[in-house]
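Hello,

Here is the structure we talked about handing over.

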Amino acid sequence: MFSTPFILSFALILSIPLLFFVAPKILPPKHLQISLPDEIDDLALFRQATLASADHHHRRHHGAVSRLTVKPKVAFLFLTNTDLHFAPLWDRFFEGNEALFNVYVHADPSQSPPSAAAAAKGKSAFDGRFIASKRTERASPTLISAARRLLATALLDDPMNYHFALVSQRCIPLHSFHFTYNTLVSPPKTSAASNSIRPELTQFKEPVSYIEILSGEPQLWDRYTARGESTMLPEVPFERFRVGSQFFVLTRKHALLVIRDRRLWRKFKLPCLNTDSCYPEEHYFPTLLSMEDPNGCSQYTLTRVNWTDSIGGHPRTYKAPEISADLIYSLRESNSSYSYLFARKFSPDCLDPLMEIADKVIFKD
């Protein structure tokens, strides 16, 4: 008969493969997850914003509120976890257009408080615009929650917010405010040449959401199965799964759609087993809008990102010596008839050279 120590040793050897298989399912996820109290807080905010929007819609259509007696506003939603180094540039961008925009900032409370007002000399568009925020982490559902929190806050704060531009602290504008505003509030115009390249871009009759929606990207299956091969079913079959840029511009209709969603959110907030392929913030919004209203989306982003020489999944970061008029002109260019409105990613030392060319280059259309 086998001795007890031998049996125990043999059992331990057999259990090692099983441990590798089971451990990812029982150990805490590597990325930051959303706590139940935070989820409850968010749901209360989303419900409040939804009810307020419904009330405003009812009053408008029953004469209690005049119909668009003022122009619609663009809500600029800054998702940040570090100092807002480019606040002075954005303030120059916003200057003189206070009736056409609002600013909202979600700053990670675990980081040092952004000093936008201090960075922007004198009065700043960022003064007092920091919303109640929660901790965030890249490649986790917390970034989705932060974006939804910004959308809900903007919807609740001002009923005239009709367009919602999500940008980062390392993002800069590439055009004047009026060029940007007119592009966002007007339907995109497509030429015959652009239609031959992207036949789905027909002449829109109303403003659309500018969000990148891609279905044929490499490693799409790995991204889809990051939580498990069948975890996304039945709500999100693989053929409906999409990816895209983390940053976008949504219409009010789509902002409401996002904060009302519960069905897809239950899937995308689940922890990932394969963290190398898990980027919920790049998956949730394109998938949701593609499933709910693909014809109301441009399918492309207005934020230019350079993935050449990317490091650790981060795009190329421009440095101060690279800042020039030629760089701004090149960043505006796209493969179609539209122009990029924003660009990232820029290091903090770019502020001074950007301010030097702001009026003569960036804001001169």
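Predicted model: local features only at pLDDT ≥ 70, side-chain atom pairs only at ≥ 80, totals over all residues.

Cysteines

The structure holds one disulfide. Its partners are Cys272 and Cys278, whose sulfur atoms lie 1.7 Å apart. In general terms, such a link is a covalent bond between the sulfur atoms of two cysteines. Both partners are covered: Cys272 counts as buried because its relative accessibility is 11%, and Cys278 is buried with a relative accessible area of 1%. Two further cysteines may matter if you plan to look at the cysteine side chains. Cys171 has 1% relative accessibility and so counts as buried, and Cys350, at 0%, is buried too.

Helix H13

Helix H13 runs over residues 351–362. A straight helix of twelve residues would span 16 Å at 1.5 Å a residue, but the end C-alpha atoms of H13 are only 13 Å apart.

Which residues of H13 are buried? They are Leu351, Pro353, Leu354, Ile357, Ala358, Val361 and Ile362. These residues lie on the same side of H13, because they cover an arc of only 155° around the axis. On the face of H13 turned away from the buried side are the exposed residues Asp352, Glu356 and Lys360.

What do the buried residues of H13 pack against? Their contacts are with helix H3 (87–94), strand S4 (171–173) and helix H12 (325–332).

Strands S1 and S2

H3 also belongs to a right-handed β-α-β unit, together with S1 and S2. Strand S1 (residues 73–80) pairs with S2 in the parallel sense, over seven bridges. Within this pairing, Phe76 stands opposite Val103 in S2.

Strand S2 takes in residues 101–107, and seven of its seven residues are buried. As a general rule, side chains in a regular strand alternate between the two faces of the sheet. In S2 both faces are covered. One side carries Phe101, Val103, Val105 and Ala107, and the other carries Asn102, Tyr104 and His106, all of them buried.

Regards

Methods. Residues numbered from 1 in each chain as written. Heavy atoms only, no water. Disulfide = S-S within 2.5 Å. Buried < 20%, exposed > 50% of the residue type's maximum accessible area, 1.4 Å probe, protein only. Helix = DSSP H or I, 4+ residues; strand = E, 2+ residues; numbered from the N terminus. Expected span 1.5 Å × (residues − 1). Arc of directions from axis to C-beta. Contact = heavy atoms within 4.5 Å. Pairing = 2+ DSSP bridges. Right-handed = clockwise from strand over helix to strand, strands pointing away.
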